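Here is a short briefing on one model.

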Amino acid sequence: MKMFAAAAALCATIGCAKADVRILASPGGQVGPFIELFDKVRESGERVVIDGPCLSACTLVLSMVPGDRICVTRRAVLGFHAARSIDRRGRTYAEPEASEAVLEAYPAPVRGWIVRRGGLTSRLLLLRGRELSAIYPRCR
């Protein structure tokens with residue numbers, strides 16, 4: 001039930017539809033719920049329409065759903081940064097091994113784009129516009 005609630009909350013945030021999953025605005029968040037949701041999307045065969053900001057953990061969609069089932073609109077923006085965790089005292093710290101694993105899981109064109117911009121760091125890298133539509137097709 002807890003997993004369903006997390007998936008439902010994410011659907012409310014990113015806009016799940018019967019034939020498509022439409023990402024309208026996702027700031028990201030904890031990785032676990034995104035992995036669960038995108039695993040279900042991959043298994044369902046649904047297409048993912050990125051139609052707004054898809055930041056941080058939301059970009060895991062690129063690693064989990066086949067690229068031929070992802071399209072982007074003019075409003076699409078992908079935001080990448082290094083993995084990080086928060087300890088019990090609320091302090092944020094880097095997770096270099098997780099960052100490397102995530103980078104390696106991205107499709108080669110996305111990984112290359114990130115590497116050409118200095119890799120995954122604490123700075124948010126934004127992929128949008130022509131650069132994004134050179135990697136993923138525009139939605140029809």
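Leaving aside residues up to four places away in sequence, aspartate 20 touches Arg47 and Val49. The model is predicted. Aspartate 20 sits in strand E1, which spans residues 20-23.

**Aspartate 20**
- The side chains of aspartate 20 and arginine 47 are joined by a polar contact of 3.0 Å.
- Is aspartate 20 buried or exposed? Aspartate 20 is buried, because its relative accessible area is 17%, and buried means under 20%.

**Proline 66**
- Proline 66 belongs to the loop between helix H3 (61-64) and strand E4 (70-72).
- Its relative accessibility is 33%, so proline 66 counts as partly exposed; that class runs between the 20% and 50% cut-offs.
- Glycine 45 lies 21 residues from proline 66 in sequence. In space, the two are 9.3 Å apart, C-alpha to C-alpha.

**Largest pocket**
- The largest pocket holds about 510 Å³ of space.
- Its lining is made up of 24 residues.
- Which residues lie nearest the centre of the largest pocket? They are Gly29, Val31, Ser56, His81 and Arg84.
- By class, the lining of the largest pocket has 13 nonpolar residues, 9 polar and 2 charged.
- Strand E5 (77-80) supplies at least two residues of this lining. Strand E6 (84-86) and helix H4 (96-105) each supply at least two as well.

Note on methods. Residues numbered from 1 in each chain as written. Predicted model: local features only at pLDDT ≥ 70, side-chain atom pairs only at ≥ 80, totals over all residues. Heavy atoms only, no water. 1 Å grid on protein atoms, 1.4 Å probe; cavity = no way out; pocket = protein on both sides within 12 Å on 5 of 7 lines; lining within 4 Å. Points joined across faces, edges and corners; volume = space filled by probe spheres on them. Helix = DSSP H or I, 4+ residues; strand = E, 2+ residues; numbered from the N terminus. Nonpolar A, V, L, I, M, F, W, Y, C, P; charged D, E, K, R; others polar. Buried < 20%, exposed > 50% of the residue type's maximum accessible area, 1.4 Å probe, protein only. Polar contact = N/O pair within 3.5 Å; in protein donor to acceptor, adjacent residues only side chain to side chain. Contact = heavy atoms within 4.5 Å.
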